[in-house]
Amino acid sequence: VSTQSTGEAFRNVVHRNVVRFSYLISGGYVVADATSKSSSSATPIRTFADVLIWQGLASVAIPGFTINRLCWAVGKMVGPARTAVVTGTGLLAIPFIIKPIDTAVDHGMERVVRPYILDNVNC
């Protein structure tokens, strides 16, 4: 479970800085993972960029956006029970969005990012 997705689910009950901090934690994880994987690679810069882009999209940007918009839409549809329903919906959605997002990012990386961008990085 990504930290910022959980932060987005709780956005309607916590201060906005808590949500921002959840993105900081997730971003830190992405950089640490990219650094770790690139340090043992024959092409460290390419590996760092590949992991950074993949993790940034699949673990931070797309899940955060998805949960944010889902919670926003549910908040518009429900009445007085808004807080619990919105937060619950956001949390319950997290396990269901992981695989489709990962698959879409894998597809995008294989079809666009790696052949047109990363294959031109000679490091």
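User: What is a nonpolar core, as the term is used for this model?

Analyst: A nonpolar core is a set of buried Ala, Val, Leu, Ile, Met, Phe, Trp, Tyr and Cys residues joined through side-chain atoms within 4.5 Å. The model here is predicted. Its largest nonpolar core has 15 residues, of which Trp-54, Ala-58, Ile-67, Ile-101, Val-105 and Met-109 touch the most other members.

User: Which elements give two or more residues to this core?

Analyst: Those elements are α3, residues 44-77, and α4, residues 82-117. The largest share, eight residues, comes from α4.

User: What does Met-109 touch once residues up to four places away in sequence are not counted?

Analyst: Met-109 is in contact with Asp-50, Ile-53, Trp-54, Arg-114, Pro-115 and Leu-118. Among these, Trp-54 is itself one of the core residues that touch the most other members.

User: How many helices and strands does the chain have?

Analyst: The protein chain has four helices and zero strands. Along the sequence the pattern is α-α-α-α. The C-alpha trace spans about 55 × 25 × 20 Å along its principal axes.

User: How much of the contact set joins residues at least 24 apart?

Analyst: Taking contacts between residues at least 6 apart in sequence, 64% join residues at least 24 apart.

User: What share of the chain is buried, and what share of the accessible surface belongs to carbon and sulfur atoms?

Analyst: Of the 123 residues in the protein chain, 33% are buried. The accessible surface is about 7400 Å², and carbon and sulfur atoms account for 67% of this area.

User: How are the positive and negative side chains placed?

Analyst: There are 11 positive and 7 negative side chains in the protein chain. The centres of the two sets lie 13 Å apart.

User: Is Ser-38 buried or exposed?

Analyst: The cut-off for buried is under 20% relative accessible area. Ser-38 has 8% relative accessibility, so Ser-38 counts as buried. Ser-38 lies in helix α2, residues 16-39. The Ser-38 side chain reaches the backbone oxygen of Ala-34 at 2.9 Å. Leaving aside neighbours within four places in sequence, the contacts of Ser-38 are Pro-44, Thr-47 and Phe-48.

User: Where does Asp-33 lie, and which side chain does a polar contact join to the side chain of Asp-33?

Analyst: Asp-33 is in helix α2. With a relative accessible area of 11%, Asp-33 is buried. A polar contact of 2.8 Å joins the Asp-33 side chain to that of Gln-55. Not counting residues up to four places away in sequence, Asp-33 touches Val-51 and Gln-55.

User: Why is Thr-66 classed as partly exposed?

Analyst: Partly exposed covers the range between the buried limit, under 20%, and the exposed limit, over 50%. Thr-66 has a relative accessible area of 27%, so Thr-66 is partly exposed. Thr-66 is in helix α3. A polar atom of the Thr-66 side chain lies 2.7 Å from the backbone oxygen of Ile-62.

User: Which residues beyond its neighbours within four places in sequence is Thr-66 in contact with?

Analyst: Thr-66 is in contact with Ile-97 and Ile-101.

Key. Residues numbered from 1 in each chain as written. Predicted model: local features only at pLDDT ≥ 70, side-chain atom pairs only at ≥ 80, totals over all residues. Heavy atoms only, no water. Buried < 20%, exposed > 50% of the residue type's maximum accessible area, 1.4 Å probe, protein only. Contact = heavy atoms within 4.5 Å. Areas by Shrake-Rupley, 256 points an atom, 1.4 Å probe, with all protein chains shown as cover. Lys, Arg positive; Asp, Glu negative; His and termini not counted. Charge placed at Lys NZ, Arg CZ, Asp CG, Glu CD. Polar contact = N/O pair within 3.5 Å; in protein donor to acceptor, adjacent residues only side chain to side chain.
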